[in-house]
Amino acid sequence: QVQLVESGGGLVQAGGSLRLSCAASGSIYSINVMGWYRQAPGNQRELVATISSGGTTDYANSVKGRFTISRDNAKNTVYLQMNSLKPGDTAVYYCNADIYTIATGRFRDYWGQGTQVTVSS
């Protein structure tokens with residue numbers, strides 16, 4: 001069984017910063033890409049940022065230059081440092097990871113439960 005547990009969400013004023021963390025646990029053999037997605041009310045879930053096991057990153061245009069994704073492979077943890085936050089960043093943020101387990105014999109997607117980020121103007 002694999003779990004992704006997020007932390008670090010909250011309420012912040014525009015211009016402020018937050019750091020999200022997501023720790024993967026369970027019978028993990030290997031993790032490929034890890035990432036963050038977000039979903040605002042009435043909107044579809046959208047990609048925020050991803051990072052490969054080798055450290056290659058990709059960002060949505062809307063967050064480039066403000067958000068930084070990183071990971072600690074030894075801890076199976078991915079982080080999202082969010083700076084210069086805007087009210088438009090308000091959403092539930094979800095952690096995602098492509099994880100290989102012996103039980104499944106393949107890589108599959110896992111999702112966290114989500115953490116609320118609210119940016120006030």
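This is a predicted model: local features need pLDDT of at least 70, side-chain atom pairs count only at pLDDT 80 or more; totals for chains, interfaces and linings use all residues.
**Entry 1: the core**

I began with the largest nonpolar core, which holds 30 residues, and I noted Trp36, Leu80, Met82 and Tyr93 as those with the most contacts inside it. I then listed the elements that give two or more residues to this core, and found β1 (2-7), β3 (18-26), β4 (30-39), β5 (46-51), β7 (67-72), β8 (77-82), β9 (91-101) and β11 (115-120). Which element gives the most to this core? I found that β9 does, with five residues. As background I wrote down that nonpolar side chains tend to be buried together in soluble globular proteins.

I next looked up tyrosine 93, leaving aside its neighbours within four places in sequence, and found that its contacts include Trp36, Leu80 and Met82, the residues named beside Tyr93 for their contacts inside the core. The contacts of tyrosine 93 also include Glu6, Leu20, Tyr37, Arg38, Val48 and Phe67, as well as Gly114, Thr115 and Val117.

**Entry 2: phenylalanine 67**

From tyrosine 93 I moved to one of its contacts, phenylalanine 67, which I located in strand β7. Is phenylalanine 67 buried or exposed? I read a relative accessibility of 2% for phenylalanine 67, and because buried means under 20%, this residue counts as buried. Leaving aside neighbours within four places in sequence, I found phenylalanine 67 in contact with Arg38, Val48, Tyr59, Leu80, Gln81, Met82, Asn83, Leu85, Asp89 and Tyr93. I also checked phenylalanine 67 against glycine 16, which is 51 residues apart from it along the chain, and the C-alpha atoms of the two are separated by 12 Å.

**Entry 3: strand β8 and its partners**

I turned to β8 and found this strand mostly covered, with five of its six residues buried. Six bridges join β3 to β8, and the two strands run antiparallel; β7 and β8 also run antiparallel and are likewise joined by six bridges. Where does leucine 80 stand in these pairings? I found that leucine 80 in β8 is the bridge partner of leucine 20, and that isoleucine 69 stands opposite leucine 80 as well. I noted that β7 and β8 form a hairpin with four residues between them, and that asparagine 76 in the turn has a positive phi of about 50 degrees.

I then looked at threonine 77, which lies in strand β8 and counts as buried at 7% relative accessibility. A polar atom of the threonine 77 side chain lies 2.9 Å from the backbone oxygen of lysine 75. Leaving aside neighbours within four places in sequence, I listed the contacts of threonine 77 as Cys22, Ala23, Met34, Ser70, Arg71 and Asp72.

**Entry 4: the salt bridges**

How many salt bridges are there? I counted three, and I took them in turn. Arginine 38 forms a salt bridge with glutamate 46, with the closest N and O atoms 2.7 Å apart; I noted arginine 38 as buried, with a relative accessible area of 6%, whereas glutamate 46 counts as partly exposed at 37% relative accessibility. The side chain of arginine 38 also meets that of aspartate 89 in a salt bridge, at 3.0 Å from N to O. This pair links distant parts of the chain, since arginine 38 is in strand β4 and aspartate 89 is in the loop between β8 and β9, 51 residues apart.

For the remaining bridge I found aspartate 89 with arginine 66, the closest N and O atoms being 2.8 Å apart. Arginine 66 lies in the loop between β6 (57-59) and β7 and aspartate 89 in the loop between β8 and β9, so this pair ties together parts that are 23 residues apart in sequence. I found both aspartate 89 and arginine 66 buried, with aspartate 89 at 2% relative accessibility. Salt bridges that share partners join Arg38, Glu46, Arg66 and Asp89 into one network.

**Entry 5: the disulfide**

I counted one disulfide, formed by cysteine 22 and cysteine 95 with their sulfur atoms 2.1 Å apart. Why does this pair tie together parts that are 73 residues apart in sequence? I traced this to the strands, because cysteine 22 lies in β3 and cysteine 95 in β9. The link is left-handed, with -80 degrees about the S-S bond, and I noted that cysteine 22 and cysteine 95 are both buried.

Terms used. Residues are numbered from 1 along each chain as its sequence is written. Side-chain values use heavy atoms; hydrogens and water are left out. A nonpolar core is a set of buried Ala, Val, Leu, Ile, Met, Phe, Trp, Tyr and Cys residues joined through side-chain atoms within 4.5 Å. Buried means under 20% relative accessible area, exposed over 50%, partly exposed in between (1.4 Å probe, protein chains only). Contact means heavy atoms within 4.5 Å. A polar contact is a pair of N or O atoms within 3.5 Å; within protein, one must be able to donate a hydrogen and the other to accept it, and residues adjacent in sequence count only if both atoms are side-chain atoms. A salt bridge is a side-chain nitrogen of Lys or Arg within 4 Å of a carboxyl oxygen of Asp or Glu. A disulfide is a pair of cysteine sulfur atoms within 2.5 Å. Two strands pair if DSSP finds at least two bridges between them.
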